Amino acid sequence: MIPPTTILCIDDNETALNVRKMVLEVAGYSVVTASDVELAMQLFTTSAVDIVMSDHLLQGKTGTELAAEMKRLKPTIPIVIVSGLVEAPEGMEHADLFICKGEAPAVWLKKISGVLQKCRCQASLSEAKGAGLN
């Protein structure tokens, strides 16, 4: 049996964090939560995380700044930025997906699934190239 995909969900708003966690778990994901940047980085470096979903406006740092730090450590882990902004914020070149908070959960679940598939395909291609299978 394949273990569920683990999502590190980050938000300093506990209510929003709990709602996202519940939606993701109902969809079949395993969810690890962090309500601050320090805990998020600790979990990111010490836990088996498949994807990160971070609010953009965090205390002390933006989601895109956090994404840049995370990508330096683990460049293949997809990072999703969630924001109340209608358009993607500056710094999105470090993230893999932008989700507007106004979007329905069904929409962002589909987007998350898509970015996971894309990143897994890219990782498989990289492994095949490294093994000389291309």
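The exercises that follow concern a predicted model.

**Exercise 1.** Determine how helix 2 and helix 3 are arranged relative to each other, and which residues form their contact.

*Solution.* 
Step 1. Two packed helices are described by the angle between their axes and the distance between the axes.
Step 2. For helix 2 (residues 37–46) and helix 3 (residues 63–73), the packing angle is about 20°, and the axes lie 11 Å apart.
Step 3. Angles under 35 degrees count as roughly parallel, so helix 2 is roughly parallel to helix 3.
Step 4. The crossing of helix 2 past helix 3 is right-handed.
Step 5. Helix 2 contributes Val37, Ala40, Met41, Phe44 and Thr45 to the contact, while helix 3 contributes Leu66, Glu69, Met70 and Leu73.
Step 6. Sorted by class, this contact of helix 2 with helix 3 comprises seven nonpolar residues, one polar and one charged.

**Exercise 2.** State which residues of helix 3 are buried and what they pack against.

*Solution.* 
Step 1. The buried residues of helix 3 are Gly63, Thr64, Leu66, Ala67, Ala68, Met70 and Lys71.
Step 2. Their packing partners include helix 2, strand 1 (6–10), strand 3 and strand 6 (79–83).

**Exercise 3.** Decide whether aspartate 55 is buried or exposed, and describe its surroundings.

*Solution.* 
Step 1. Aspartate 55 is located in strand 3 (residues 51–55).
Step 2. Buried means under 20% relative accessible area; aspartate 55 has 5% relative accessibility and therefore counts as buried.
Step 3. Leaving aside residues up to four places away in sequence, aspartate 55 touches Ile10, Asp11, Asp12, Gly63, Val82 and Lys101.
Step 4. With lysine 101, aspartate 55 makes a side-chain to side-chain polar contact of 3.0 Å.

Conventions. Residues are numbered from 1 along each chain as its sequence is written. This is a predicted model: local features need pLDDT of at least 70, side-chain atom pairs count only at pLDDT 80 or more; totals for chains, interfaces and linings use all residues. Side-chain values use heavy atoms; hydrogens and water are left out. Axes are lines fitted to C-alpha atoms, for helices over the stretch in contact, and angles run from 0 to 180 degrees between N-to-C directions. Helices (H or I, at least four residues) and strands (E, at least two) are DSSP runs, numbered from the N terminus. Angles under 35 degrees count as roughly parallel, over 145 as roughly antiparallel, 65 to 115 as roughly perpendicular and the rest as oblique. A crossing is left-handed if the near helix is turned anticlockwise from the far one by less than a right angle, and right-handed if clockwise. Contact means heavy atoms within 4.5 Å. Ala, Val, Leu, Ile, Met, Phe, Trp, Tyr, Cys and Pro count as nonpolar, Asp, Glu, Lys and Arg as charged, and the others, Gly among them, as polar. Buried means under 20% relative accessible area, exposed over 50%, partly exposed in between (1.4 Å probe, protein chains only). A polar contact is a pair of N or O atoms within 3.5 Å; within protein, one must be able to donate a hydrogen and the other to accept it, and residues adjacent in sequence count only if both atoms are side-chain atoms.
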